[in-house]
Structure formats: structure tokens, C-alpha cells
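Good morning, everyone. I would like to walk you through a structure that may be new to you, so please have a look at it first.

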Amino acid sequence: MARPKGKTPSLLAISTGTPEHHTCGKATPCTRCEEIVVKGQRCFKVPKIKSGFTRHPIFCVACTIAILEQTKIELLVVEKDVRFNG
Ligand SMILES: [Zn+2]
């Protein structure tokens, strides 16, 4: 995996749905690390609404895992807030 720049996005921050399993029909760069996901390789589409349109940027498996990890971290923060700071 190429070194991604910037903060790892989380599903809470960027997504409006569940990552969807996807197999690339053609070589497509990963949205996060820009590594090329070659045709037939497994990747994930993450639904994202931008200016009213739903887009489905694709992420390589390694980046999808990083996004999930980041999501768990942010979710814990939200959960703590909801449960204990009321
Ligand atoms: Zn990637």
C-alpha cells in the first residue's frame, strides 16, 4: 500500500452507508492511498453524498480496514458522549 496522505477518514465522517464489496472492472486508483486496484481485484465502494449526488469512491482492502478502525475509534467517542455525558 502506498502511503496515504492526511487523516484516515471514518465512515462516520465520509459515508452515508455501508461499504459494499466490489470487484473492479478496470484498474482504478484507491481514493485514499492512490494505489491502483487492478481489474478483478477486491476493493470496496463507500457511498458518499457530495452536493446532493451519491458517489461511490473505491478503496483498496488495506484502506477499508484503516477506515473501519478509524470508525470504531470515533464511534467509541460518540458512544461515551451519549451514554455518560447526558
Ligand atoms: Zn488504498
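This is a predicted model: local features need pLDDT of at least 70, side-chain atom pairs count only at pLDDT 80 or more; totals for chains, interfaces and linings use all residues.

Let me begin with the overall picture. The protein has two helices and seven strands, and, read from the N terminus, its elements follow the order α-β-β-β-β-β-β-β-α. The C-alpha trace spans about 50 × 30 × 20 Å along its principal axes, and of the 86 residues, 17% are buried.

Now to one residue, I49, which sits in strand β5, residues 48-50. I49 counts as exposed because it has 12 C-beta neighbours inside 10 Å. If we set aside the neighbours within four places in sequence, I49 is in contact with T16 and T54, while its C-alpha atom is separated by 21 Å from that of K72, a residue 23 positions away along the chain.

Let us move to the core. The largest nonpolar core consists of 11 residues, among them L11, C30, V37, V46 and I67. At least two residues of this core come from each of β4 (42-45), β7 (58-60) and α2 (61-84), and β7 gives the largest share, with three residues.

Note on methods:
Residues are numbered from 1 along each chain as its sequence is written. Helices (H or I, at least four residues) and strands (E, at least two) are DSSP runs, numbered from the N terminus. A residue is buried if 20 or more other C-beta atoms lie within 10 Å of its own, exposed if 12 or fewer, and partly exposed in between; C-beta atoms are placed from the backbone. Two residues are in contact if their C-beta atoms, placed from the backbone, lie within 7 Å. A nonpolar core is a set of buried Ala, Val, Leu, Ile, Met, Phe, Trp, Tyr and Cys residues joined through C-beta atoms within 7 Å.
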